[in-house]
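Here is a short note for a first look at this structure. Keep the 3D view open and check each point as you read.

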Amino acid sequence: MGLKDVKRLSFEYKSYLLLRAKKIQQKQKKKSHGQKACLSTPFALTLEDNYDETVEFLTKLSEVYQYKIPRRIDFSRLKTVSPAATLMLASVIDSRKKQFRTRVKVYDFHKWNYDIKVKFMQMGLFELLGINNFSKNFKRRVSLMKEDIIFIKFRSSTKVKGELAAILNDEIMQITKEIPNVTMLHASLTEAMQNAVEHAYTDDMVEEERLWWIAGSYKKSSRKLIVIAYDRGIGIPVTLPQTHNTKLQKFISLFSLKDTDADRIEVAVTKDTTSTGKKERGKGLPEMKDYIKNSNNGKLKIFSNKGFYIYEVEDGKELEIKKNNSNIPIQGTLIQWEVKL
Amino acid sequence: MSKKKIVICNDFYFAPGGRYYPKDGDYTGERFRDEFLIPALKNNDKVIVDLDGTRGLGSSFLEEAFGGLIRNGFSLQELLHKLELIPSKAGYDAKAWEYIKSAENNRNA
């Protein structure tokens, strides 16, 4: 049988076959969607009170996004969020959006806790998630809300951008009317950006991966202001001087430290230490501590890899340094300044 | 005697930050040093710098701008003679001089 003997398909029959193929494809898609595993948030996303579950969830979410595993993210269980954990969540979604240029899908929006919706909206997560068609009722309830804690929208970049720190501080000022030593806070934020840009990421990472994020919150009842800077890099304990280990070890043995991640954070905050080995560097973290040192009541909290460090000032007096190590590392470094206004 | 005054918040940027240009950002210490301080110091007998008025100056910016003058061939003596930093409310003038002296010590070490 030659080629000319093959029966030509009519246009109608071709259209019918195409339509059938499409329907089969859609059915398969629906079926596979139903089979997608569901990644649920814990009840509380907060590093202070629910560290392990929070970090486990954020790590899983990063892996899901990194390897493009299709998953449903269920936020309906979530009842409490801290500004730091919300910023970390925003960073995972923002990273994915910038790297893969795809929108993250969420489900069952109507089942989400109302307070969580408000906090996510304030932090700027809805813009990331592409959620913008709010009901009139939701908008009305938000405008009438007299909530105690207000989140301040995150900003992000791959460069040191003082103007973004200025915008964040301006938005805080609109709510609080004052920020003590605001120029020092601004300088601390730009130093956190500098550390992220210069030290946090390895050379093989592309521009879209080398991001930092800043955000804030204000609790009216206790007049507590929180400002946070976060990067998803390799962490302070790793970036501390590889080439200056002798100096580092001397310092560690001088203060009877054990060279854990928390000890390394303490060294970085206390001394002019840097991964570059240059004497003029490594002043950023001590400067971030100075902001709290100059406040009457404040805390500097640093989470980096498995280490956790707190420097605290109460009624103008420095308290003993608190530090600890966890079993699960956070990805990168989170710096949190807390001051009482 | 020629004089040049640089007001950082008007002549450069209201929110500078970062060390190297363009790697770290657009308004860094390196850029301020190379585009403002060094040409002014080369072409004038006296350079007066007003560091107030910005939203805040981080140590990376200040160190690279002022400590970097020493690494770019200026001596402490020369800068003490030519450079005048207007006393700053935030103490930036003192910090900048500290970075200059520290860079000079590192060069001589």
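1. Start with Thr158(A). Leaving out residues up to four places away in sequence, Thr158(A) touches Val197(A), Glu207(A), Arg210(A), Leu211(A) and Trp212(A). Contact here means heavy atoms within 4.5 Å.

2. A word on the source. This is a predicted model, where local features need pLDDT of at least 70 and side-chain atom pairs count only at pLDDT 80 or more, while totals for chains, interfaces and linings use all residues. Residues are numbered from 1 along each chain as its sequence is written, chains are lettered from A and ligands numbered from 1 in the order in which they are written, and side-chain values use heavy atoms, with hydrogens and water left out.

3. Where does Thr158(A) sit? Its place is the loop between β5 (149-157) and α7 (162-176) of chain A. Helices (H or I, at least four residues) and strands (E, at least two) are DSSP runs, numbered from the N terminus.

4. Is Thr158(A) buried or exposed? Thr158(A) is buried, because its relative accessible area is 17% and buried means under 20% (exposed is over 50%, partly exposed in between; 1.4 Å probe, protein chains only). Its side chain also makes a polar contact with the side chain of Glu207(A), at 2.7 Å. A polar contact is a pair of N or O atoms within 3.5 Å; within protein, one must be able to donate a hydrogen and the other to accept it, and residues adjacent in sequence count only if both atoms are side-chain atoms.

5. Now Ser295(A). It lies in the loop between α12 (284-293) and β8 (298-304) of chain A. Ser295(A) is buried, with a relative accessible area of 9%. Its side chain reaches the backbone oxygen of Ile292(A) at 2.7 Å. Neighbours within four places in sequence aside, Ser295(A) is in contact with Val313(A) and Val339(A).

6. Next, the interface. 28 residues of chain B are in contact with 23 residues of chain A. The two chains bury about 1900 Å² between them, 45% of it on carbon and sulfur atoms. Buried area is the accessible area (1.4 Å probe) that two parts lose on being put together, summed over both.

7. How many salt bridges link chain B and chain A? The count is 2. In one of them, Lys95(B) pairs with Glu287(A), the closest N and O atoms being 4.0 Å apart. A salt bridge is a side-chain nitrogen of Lys or Arg within 4 Å of a carboxyl oxygen of Asp or Glu.
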